[in-house]
Amino acid sequence: MDLPEYLITLQKSADDEGRRLEHLEGEELQRQRRVWFNASAEVQLAVTDWAKDQGLNRHDVEKELRQQVRHGHPEGH
């Protein structure tokens, strides 16, 4: 699946925000959780919109996006 670069960038950003949670506590942790949640919500909205425009299943697009971002290649390659 040929995904647009903006989806890949959004997913990478959300993943980065999630990794920042690892060593935080208290108020810092709560603030970072909100940042991560908002970044993840932005990815979900963008994936849903793009999948709908392309006539594709959102779950398939999301799975492919995560595969490409986290493993550096499209699924099945």
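The largest nonpolar core of this predicted model comprises 14 residues, and those with the most contacts inside it are Leu3, Leu7, Val43, Val47, Trp50, Val61 and Leu65. A nonpolar core is here a set of buried Ala, Val, Leu, Ile, Met, Phe, Trp, Tyr and Cys residues joined through side-chain atoms within 4.5 Å, where buried means under 20% relative accessible area, exposed over 50% and partly exposed in between, for a 1.4 Å probe and protein chains only. Helix H1 (5-19), H2 and H3 each supply at least two residues of this core, and its largest share, six residues, comes from H2. In soluble globular proteins, nonpolar side chains tend to be buried together.

Local features of the predicted model need pLDDT of at least 70 and side-chain atom pairs count only at pLDDT 80 or more, whereas totals for chains, interfaces and linings use all residues. Residues are numbered from 1 along each chain as its sequence is written, and side-chain values use heavy atoms, with hydrogens and water left out.

The protein has three helices and zero strands, and its pattern along the sequence reads α-α-α; helices (H or I, at least four residues) and strands (E, at least two) are DSSP runs numbered from the N terminus. Taken along the principal axes, the C-alpha atoms fill a box of roughly 40 × 25 × 20 Å. Of the 77 residues, 32% count as buried. Among contacts with a separation of 6 or more, 52% are accounted for by residues 24 or more positions apart, contact meaning heavy atoms within 4.5 Å.

The axes of H1 and H2 come within 8 Å and cross at roughly 160°, which makes H1 roughly antiparallel to H2. Axes are lines fitted to C-alpha atoms, for helices over the stretch in contact, and angles run from 0 to 180 degrees between N-to-C directions; angles under 35 degrees count as roughly parallel, over 145 as roughly antiparallel, 65 to 115 as roughly perpendicular and the rest as oblique. The crossing of H1 and H2 is left-handed, a term used if the near helix is turned anticlockwise from the far one by less than a right angle, with right-handed used if clockwise. On the H1 side the contact includes Tyr6, Leu7, Leu10 and Gln11, and on the H2 side it includes Val43, Ala46, Val47 and Trp50. By class, the residues of this contact divide into eleven nonpolar, four polar and two charged, with Ala, Val, Leu, Ile, Met, Phe, Trp, Tyr, Cys and Pro counted as nonpolar, Asp, Glu, Lys and Arg as charged, and the others, Gly among them, as polar.

Glutamine 11, placed in helix H1, is buried, with a relative accessible area of 4%, and, leaving aside neighbours within four places in sequence, is in contact with Val43, Leu65, Arg66, Val69 and Arg70. Glutamate 17, also in helix H1, is buried with a relative accessible area of 17% and touches Gln32, Val35, Trp36 and Ala39, not counting residues up to four places away in sequence.

The axes of helix H2 (residues 26-54) and helix H3 (residues 58-71) come within 9 Å and cross at roughly 120°, which makes H2 oblique to H3; this crossing is right-handed. Val43, Gln44, Val47, Thr48, Trp50 and Ala51 in H2 meet Arg58, Val61, Glu62, Leu65 and Arg66 in H3. Valine 61 touches Met1, Leu3, Val47, Trp50, Ala51 and Leu56, not counting residues up to four places away in sequence.
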